[in-house]
Amino acid sequence: MEDALQYSLQTLGFRFNPFKHLEASQDPHLSEYLVGHHSFNLVNEQVPAVVLAPPGAGKTAMLIYTARSCALAFGRNRPFPIMYALPEAIGDTSQELSLDQHQAHILRRGATSLFTGLAFHPECFLNLTAADQYRVTGLLRGLMQTPPLDYYLGLLSTGNPQRLANRFDRSYTFLPLPTPQSVNELCRSIKNTDQTANLSQPSLQEFAGIVQDVLKFQKIFVLVDGIDGFAGSANNSQKAAQLINPLLEQTMDWAGQDLIIKGFFPPEVASYLAFPGSIQSILLDWTSDKLAQVLRRRVYCATDGQFETLDALCNIGLRGLENTLAEVVIPLPREIIWLANRLLLAFEQRHGAGGETLLKSDLDQAIEAYQTQGFAVRAT
């Protein structure tokens, strides 16, 4: 079906299906068509914050937007991003996490993110003095012991860091690739740096010091997500919040050390969180006009600017299609993306037997599918 849909989309002028991915972290084109929601600028400010939004409202998209904007600059007085997803650190909500455990997981994520970032920006390491290269290598060796740093260097043997990004930190996915020669030189330089460096575990504060002093990052963003990613967590908000509260209680102390915690959580856990009441609280809400803009931006990018709206692909008399779709759905990006994909599927099923444009019958079929199956979308 996917191949057939792709063929049908090509007849409409699309180079890819911009409505294929409901999960933002899986969308390779996300950074191309993120709509400038006012909250996206707020979350980039260098202060602690909590983003509150239900599933499907764009929390993950906002997190990736923030992380990628930092990863693209990599240093240059931008924050260093650490994406910390709770399900990676703990199996279920019946367990507990101490502050020390949170810090250990954040450090591990920070080390793999730093190494991945250096692989995409090898000049940031190669231009350092020998003494600073020693400090950075010692930091990586101290944190990357199981598996060891040499294992990660082996993953770079092809000279392409994309494999690292796909496996360890999607902040860097789809960034411009460096030359294989520069990546290979990075690997040689790290291997040739004195391997007798102290392998003791550095603290988070020591990690932050080297990242800032040597690599010129301004602060560190600890981007916390996934509190609603556990089985049963949606039905036990208090227990889910208790998992993260030992970390959130450090918010203001850490901010004084340039460690900026930003949480991306569902609204129902807000009253149980240990975030200080004075921190920035960002509510992701969506109007019909903004949702329609989400679709138009994706159409524009997927057609390389050939079209700015689905109306350009419609049969005469069918106009204002994005606004029509936006009025049908619950006002969440995931909902309207699902509905737009159903519209394209309806076209694909008819393609070849009923013309080369979107028809009202396609719209009616998509809306009927949403009304009968839409609750499955909201439950994911």
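Residues are numbered from 1 along each chain as its sequence is written. In this predicted model local features need pLDDT of at least 70, side-chain atom pairs count only at pLDDT 80 or more, totals for chains, interfaces and linings use all residues, and side-chain values use heavy atoms, without hydrogens and water.

**Exercise 1.** Determine the strand order of the open sheet and its edge strands.

*Solution.* Begin with the pairing of strand E1 (residues 49-52) and strand E4 (residues 259-265), which is parallel over four bridges; strands are DSSP runs of E, at least two residues long, as helices are runs of H or I of at least four, numbered from the N terminus, and two strands pair if DSSP finds at least two bridges between them. Within this pairing, Val51 has Phe264 of E4 as its bridge partner. Strand E2 (80-85) and strand E5 (280-283) are the edges, each pairing on one side only.

**Exercise 2.** Classify the packing of helices H15 and H16 from the angle between their axes.

*Solution.* Helix H15 (residues 321-328) packs on helix H16 (residues 333-350) at about 125°, with the axes 9 Å apart; axes are lines fitted to C-alpha atoms, for helices over the stretch in contact (heavy atoms within 4.5 Å), and angles run from 0 to 180 degrees between N-to-C directions. H15 is therefore oblique to H16, since angles under 35 degrees count as roughly parallel, over 145 as roughly antiparallel, 65 to 115 as roughly perpendicular and the rest as oblique. The contact involves Leu321, Glu322, Leu325, Ala326 and Val328 of H15, together with Ile336, Leu339, Ala340 and Leu343 of H16.
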